[in-house]
Amino acid sequence: YALLTGFSAPACRAAIMLSFIVLGKALNKHQNTYNLIAISAFFLLLFNPFYLVDTGFQLSYLAVTGIVYFHPKIYQAIYIKNKFLDYIWSYSALSLAAQLATFPFSIYYFHQFPVYFLISNLFIVFPVAFIMYAGILFMFIPFPAVLVYVGMLLNWLINFTNNILYFIENLPFSSLDGIWVNSFECALICLLILCISFRLTLEYKGLMIPIGISIVILSLSYSLNWKKNYNQHQIVFYSLKKNIAIAYLSKGHSIIVSDIEESHKLAGFSLLPTVKSRGSRNELFLKDDAKFTSDSYAGDKNYYQFATYRILKWDKNFDEVEFAKDLKVSAVLISGNPKTSIAKIASCLSFTKIIIGADNPDYKIERWVREAKEMNVSYYILKKNPALIVNL
């Protein structure tokens, strides 16, 4: 299984732990689950130390440690006589244990919390078990006539499981989005969960002090970050491979101007998360050729103004354009591989900064950089560099 899944960190973790369990049983040795977790992590990190910063590695080990530690405590909290209901409660306790252990890191990395995780886990546990058995049969049955029906069953089970997950995902309020915590707040949440857990299990009242302090510090940190983000007044020039995008953020609102559609995957994975992480609760997505205007920003194809910051996008449309007089702008964004030079731009425009887009070829970027240095012009290259953030 680990081979078929490409030896991912979670699969390797499970394979190594199960290998030690099988070896221990063969030698009639008692197994300590925490030792198994530790030794599997040791061998994986010995093989690849960078697994330590792998999200799958972290969440996998957190989940299995949480299950080992929290599951017995959660399960024993409620006693159910009915065997079927007890099985459901046991699996629910398992899901709660894994979710509790991974919660801080999942919101840190993915910025959302699945509200219906208990329902989805309960609904897929039976199909997943059948999928495993059907898959094993499919691998080892040598008769093609039988394999056709086993394959049909396997295909139906997989589609059925996916449809259940899609249905739950599309339910109202299926997830809480926009949860942004920094590394310090993530560490505080981990500390808080551990302290509360030890307080409930060890019944040591002295832990109430660190619990209270952690809650106060966490609340203050989150409030200060929210206030800081709300008061931000920035322009972000994104560093994309073949596209351009500019975002304007002010007091919880943002406008994104780009040559890609809002439905494009780049918008969902690169553009929108950036503004949301900076406190935006109201996003307006516009095409770069759209005309738009309001009290704080305006645009018309190649010209954008956000508050007092003026941007001229210099593309191929300006290859044959002659300017009657100097125009004053804050920045010139060179985009779309135009036939121009820094000297020509400087002869037509008065600006403070040249921004070279990532959608230009390397040889032209190098030429423009040489010209900018010779003319002592401030410049920034978006290609293979972080986004440029301008504080207004």
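1. Buried means under 20% relative accessible area, exposed over 50%, and partly exposed in between, with a 1.4 Å probe and protein chains only. At 75% relative accessibility, lysine 384 therefore counts as exposed. Its place is in the loop between β15 (379–381) and β16 (388–391); helices (H or I, at least four residues) and strands (E, at least two) are DSSP runs, numbered from the N terminus. Phi of lysine 384 is near 60 degrees, a positive value in a residue other than glycine.

2. This is a predicted model, in which local features need pLDDT of at least 70 and side-chain atom pairs count only at pLDDT 80 or more, while totals for chains, interfaces and linings use all residues. Residues are numbered from 1 along each chain as its sequence is written, and side-chain values use heavy atoms, with hydrogens and water left out.

3. Phenylalanine 173 also has a positive phi without being glycine, near 55 degrees. This residue sits in the loop between α6 (144–169) and β2 (175–177). With a relative accessible area of 73%, phenylalanine 173 is exposed.

4. Helix α3 (residues 55–76) packs on helix α4 (residues 83–110) at an angle of about 140 degrees, the axes being 8 Å apart. Axes are lines fitted to C-alpha atoms, for helices over the stretch in contact, and angles run from 0 to 180 degrees between N-to-C directions. The angle therefore makes α3 oblique to α4: under 35 degrees counts as roughly parallel, over 145 as roughly antiparallel, 65 to 115 as roughly perpendicular and the rest as oblique.

5. The crossing of α3 and α4 is right-handed. A crossing is left-handed if the near helix is turned anticlockwise from the far one by less than a right angle, and right-handed if clockwise. By class, this contact of α3 with α4 has 18 nonpolar, 7 polar and 1 charged residues. Here Ala, Val, Leu, Ile, Met, Phe, Trp, Tyr, Cys and Pro count as nonpolar, Asp, Glu, Lys and Arg as charged, and the others, Gly among them, as polar.

6. What is the handedness of the crossing where α3 passes α7? It is left-handed. The axes of α3 and helix α7 (residues 183–202) come within 12 Å and cross at roughly 45 degrees, which makes α3 oblique to α7.

7. Helix α7 also crosses helix α8 (residues 208–230), at roughly 155 degrees, with the axes coming within 9 Å. That makes α7 roughly antiparallel to α8. The crossing of α7 and α8 is left-handed.

8. Helix α11 (residues 362–374) has 13 residues, so at 1.5 Å a residue it should span 18 Å; its end C-alpha atoms are 19 Å apart, which agrees. The expected span is 1.5 Å times one less than the number of residues.

9. Which residues of α11 are buried? They are Lys364, Ile365, Trp368, Val369, Glu371 and Ala372. These cover an arc of only 165 degrees around the axis, so they lie on the same side of α11; the arc is that of the directions from the helix axis to the C-beta atoms. Tyr363, Lys373 and Glu374 are exposed on the other side of α11.

10. Arginine 370, in helix α11, is partly exposed at 48% relative accessibility. Its C-alpha atom is separated by 53 Å from that of serine 214, 156 residues apart along the chain.

11. Alanine 358 lies in the loop between β14 (353–356) and α11. At 7% relative accessibility, alanine 358 counts as buried.
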